[in-house]
Amino acid sequence: MTPHSLQKNGQAVVFRPEYSSPLALLEHWAKVSPKKTALLFDDYSGTAPQQWNFAELVLRVRQTMGLLGGRPPGAAVAFCFSNTPEVIWLNYAAWSSGFV
């Protein structure tokens, strides 16, 4: 993992993220609390809110990463959606794959 240089009160501070990617963070919580709710979506249409636990969210992100495959890290990706759970999966998949 590459440290990042930051400044705090004029002093150099080395930041070493605990997790190598956003997916690694989700995987940690999927291991620690797989059944805990990670995402709750309510479109206020009168239907029951949808929810995903950490294990399900990791699965969705991995599936989405597979769909984005074939692009090199650093490649630009763009998507346009309304505010839906798919946006969360796409963001985590893109960030974890190294896309910008």
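Let me start with how helices and strands are named here: helices are DSSP runs of H or I with at least four residues, strands are runs of E with at least two, and both are numbered from the N terminus. Axes are lines fitted to C-alpha atoms, for helices over the stretch in contact, and angles between N-to-C directions run from 0 to 180 degrees.

Hello everyone, and thanks for coming. What you see above is a predicted model, in which local features need pLDDT of at least 70, side-chain atom pairs count only at pLDDT 80 or more, and totals for chains, interfaces and linings use all residues. Residues are numbered from 1 along each chain as its sequence is written, and side-chain values use heavy atoms, with hydrogens and water left out.

Let's begin with two helices. Helix α1 covers residues 22-32 and helix α3 covers residues 85-97; their axes come within 7 Å and cross at roughly 115°. Which residues meet there? From α1 we have P22, L23 and L26, and from α3 we have Y92, W95 and S96, where contact means heavy atoms within 4.5 Å. Sorted by class, that makes five nonpolar residues, one polar and no charged ones. Nonpolar here covers Ala, Val, Leu, Ile, Met, Phe, Trp, Tyr, Cys and Pro; charged covers Asp, Glu, Lys and Arg; the others, Gly among them, are polar.

Now to the core. In soluble globular proteins, nonpolar side chains tend to be buried together. A nonpolar core is a set of buried Ala, Val, Leu, Ile, Met, Phe, Trp, Tyr and Cys residues joined through side-chain atoms within 4.5 Å. Buried means under 20% relative accessible area, exposed over 50%, and partly exposed in between, using a 1.4 Å probe and protein chains only. The largest core here has 16 residues, and L26, L57 and V61 touch the most other members. At least two residues each come from α1, β3 (37-41), α2 (54-67) and α3, with the largest share, four residues, from α2. Looking past residues up to four places away in sequence, V61 touches L23, L26, W89, Y92 and A93.

Next, the aromatic rings. How many aromatic pairs does the structure hold? There are four, counting rings of Phe, Tyr and Trp (its six-membered ring) with centres within 6.5 Å; planes under 30 degrees apart are stacked, over 60 edge-to-face, and the rest tilted. W29 and F54 have ring centres 6.3 Å apart and planes at 35°, so this pair is tilted. The pair links distant parts of the chain, with W29 in helix α1 and F54 in helix α2, 25 residues apart. W29 is partly exposed at 36% relative accessibility, while F54 is buried at 14%. For Y92 and W95, the centres are 5.6 Å apart and the planes at 65°, so that pair is edge-to-face. Those two sit three residues apart in helix α3, about one helical turn.

Let's move to N53, in strand β4 (residues 50-53). Is N53 buried or exposed? N53 is buried, at 12% relative accessible area. Leaving aside neighbours within four places in sequence, N53 contacts P34, K35, K36, T37 and A38. T37 lies in strand β3 and is partly exposed at 39%.

One last stop: Y44, in the loop between β3 and β4. Y44 is not a glycine, yet has a positive phi of about 60°, and is exposed at 73% relative accessible area.
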